[in-house]
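Work through the following exercises with the sequence and the structure side by side, and try each task before reading its solution.

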Amino acid sequence: MARRRLVIMGAAGRDFHNFNIACRDAPHLEVVAFTATQIPGIDARRYPAELAGPLYPQGIPILPEADLEAICRRESVDAAIFAYSDVTHEHVMHTAARAAACGCDFELWGPDRTMLDSRKPVVSVTAVRTGCGKSQVSRYLANRLAGAGIRAGVIRHPMPYGDLGRQAVQRFAAFDDFDRAECTIEEREEYEPYVEAGLAIFAGADYQRILAAAEAEADVVLWDGGNNDFGFVRPTVSVVLVDALRPGHETRYWPGEVNLRMADIVVIAKADAARPEDIAAVSEAVRRHNAHALVIEGASPVRLEDENAVRGKRVLVVEDGPTITHGGMATGAGYAAALTAGPAEILDPRHSATPAIAAVYRQYPHIGPVLPAVGYSPDQQRALAETIRCSGADVVVAGTPIDLAKRLEAVQWDGPPVVRARYAYADRPGHDLWSAVAGRLDLASESGSG
């Protein structure tokens, strides 16, 4: 019988996982290519044979999504599998039309087909959009679990942007681990805060092996989601974030709406910074689409490490990259923190942007007067540093979770000082996320510390 020929459309994450779970050992399926988008520089690679398995001794090519039609026709593709996240429902259907126009089926694979089962309880933290604050909530829960004497095995949604064979299973527990793995700024934004808090975090490309490694160290598995994707591990408790600063986004984006409809607990994030009418609108939308979920309001208070260093100065703000780019936010926590300190001026980085950074602004024209912390390659990191250096700023406010000053030193930094904007999840009065999660895990909610 002829094998059904597939192309899997992704962004170096969900696409590889779907292949590993549903295709790698399936003799009736043949994946002829992956396509890549969203992340620069992740095409022109191959999914290596050591990860692809014995049915793919040459591995599998990774090609630009822009070439989808040519790939489908050249390879006589039977179906295109959509496997990336944080895109509008309209975008998904335009992509479906591109595939269907080539005569292909178009498929979206759901949780039952792609989720792994764990032998440990699982807390999943996902969201309806990028930039809602998933990692803040995940770190909060990891710390509460640790305070209760419960070992959390934290697993992060994949970001394998380099050598896929080397990145099959990754464990980060010390800062030297990031250098050995040659992590991008985007990876460090997600991993560094855990290590800074004394916690290990797992990631990579092969989540069957990653889950086994985390289970070996953990009493509870904690899934820290990426973008607005649903998790790779079946949850015991599903915590989903919606954003009080983006009312209406609850059901506009794939697959964030899936998360909302499956949630056990919904956190209305950033409620401390939102208008009451927006909080009410988001809450009503949650209840309309998921009547059984417990709704909790959360805060994300922001503080500058040194307000005096910012007051009265010319300031350039650097924000978390994914939140500001495909997350759709014009500004972020760094901008809000800088404003509270009374700067003389917040500079627009477009005026000093290098060609590589200017390209980011063209791709994401919604971005406000902030600089997204893009750094998927050494060249892009150098372009980021040069944009800051040429801005005329007296000080940089960094709203990214990483130690930006240390990253800039790696490219021989001689620019202005960096002041970090710190932010973390906090319950609003009358709301208690930890008790809600602990109760569903049958833990003593009064154990641990904040």
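Please keep in mind throughout that the model is predicted.

**Exercise 1. The overall fold**

Solution: Along its principal axes, the C-alpha trace spans about 70 × 55 × 45 Å. Then turn to burial, where 58% of the 450 residues count as buried. Finally, consider the contacts with a separation of 6 or more, of which 78% are between residues 24 or more positions apart.

**Exercise 2. The setting of Ser-391**

Task: Find where Ser-391 lies, and decide whether Ser-391 is buried or exposed.

Solution: In the chain, Ser-391 sits in the loop that runs between helix H15 (378-389) and strand S21 (395-398). For the second part, a cut-off is needed: a residue is buried when its relative accessible area is under 20%. Ser-391 has 13% relative accessibility and therefore counts as buried. Leaving aside residues up to four places away in sequence, Ser-391 touches Arg-314, Leu-316, Leu-347 and Ser-352.

**Exercise 3. Salt bridges**

Task: Work out how many salt bridges the structure holds, and describe the one between Arg-74 and Glu-75 together with the accessibility of its partners.

Solution: The structure holds 37 salt bridges. In one of them, the side chains of Arg-74 and Glu-75 meet, with an N to O distance of 3.6 Å. To classify the partners, recall that exposed means over 50% relative accessible area and that partly exposed lies between the cut-offs for buried and exposed. Arg-74, at 53%, is therefore exposed, whereas Glu-75, at 24%, counts as partly exposed.

A further pair is Asp-278 and Arg-275, whose side chains form a salt bridge at 3.0 Å, N to O. Here Asp-278 is buried, because its relative accessible area is 15%, while Arg-275 is partly exposed at 48%. Glu-307 and Arg-311 also meet in a salt bridge, at 3.1 Å, N to O, and these residues are partly exposed, with 33% for Glu-307 and 40% for Arg-311. Salt bridges can also be linked through partners that they share, and in this way Arg-5, Glu-30, Arg-74 and Glu-75 are joined into one network.

**Exercise 4. The second largest pocket**

Task: Describe the volume and the lining of the second largest pocket.

Solution: Start with the volume, which is about 360 Å³. The lining consists of 16 residues, and Gln-136, Arg-139, Pro-193, Tyr-423 and Ala-424 lie nearest the centre of the pocket. Helix H6 (134-147), helix H8 (185-196) and strand S22 (418-423) each contribute at least two residues to this lining. Sorted by class, the lining has eight nonpolar, four polar and four charged residues.

**Exercise 5. An enclosed helix**

Task: Explain why helix H1 (residues 14-22) is described as largely enclosed by the rest of the structure.

Solution: Eight of the nine residues of H1 are buried, so the helix is largely enclosed by the rest of the structure. Among the buried residues of H1 are Phe-16, His-17 and Phe-19.

**Exercise 6. Backbone details**

Task: Identify which residues are joined by a cis peptide bond, and examine the positive phi values of Glu-182 and Lys-270.

Solution: The cis peptide bond joins Trp-254 and Pro-255, with omega about -10°, and Pro-255 is placed in the loop between strand S14 (253-254) and helix H10 (256-262). Although Glu-182 is not a glycine, its phi is positive, at about 55°. Glu-182 is located in the loop between helix H7 (175-180) and H8, and counts as exposed at 60% relative accessibility. Lys-270, also a residue other than glycine, has a positive phi near 60°. Lys-270 lies in the loop between strand S15 (265-269) and helix H11 (276-289), and counts as buried at 13% relative accessibility.

Terms used: Residues numbered from 1 in each chain as written. Predicted model: local features only at pLDDT ≥ 70, side-chain atom pairs only at ≥ 80, totals over all residues. Heavy atoms only, no water. Helix = DSSP H or I, 4+ residues; strand = E, 2+ residues; numbered from the N terminus. Buried < 20%, exposed > 50% of the residue type's maximum accessible area, 1.4 Å probe, protein only. Contact = heavy atoms within 4.5 Å. Salt bridge = Lys/Arg side-chain N within 4 Å of Asp/Glu carboxyl O. 1 Å grid on protein atoms, 1.4 Å probe; cavity = no way out; pocket = protein on both sides within 12 Å on 5 of 7 lines; lining within 4 Å. Points joined across faces, edges and corners; volume = space filled by probe spheres on them. Nonpolar A, V, L, I, M, F, W, Y, C, P; charged D, E, K, R; others polar.
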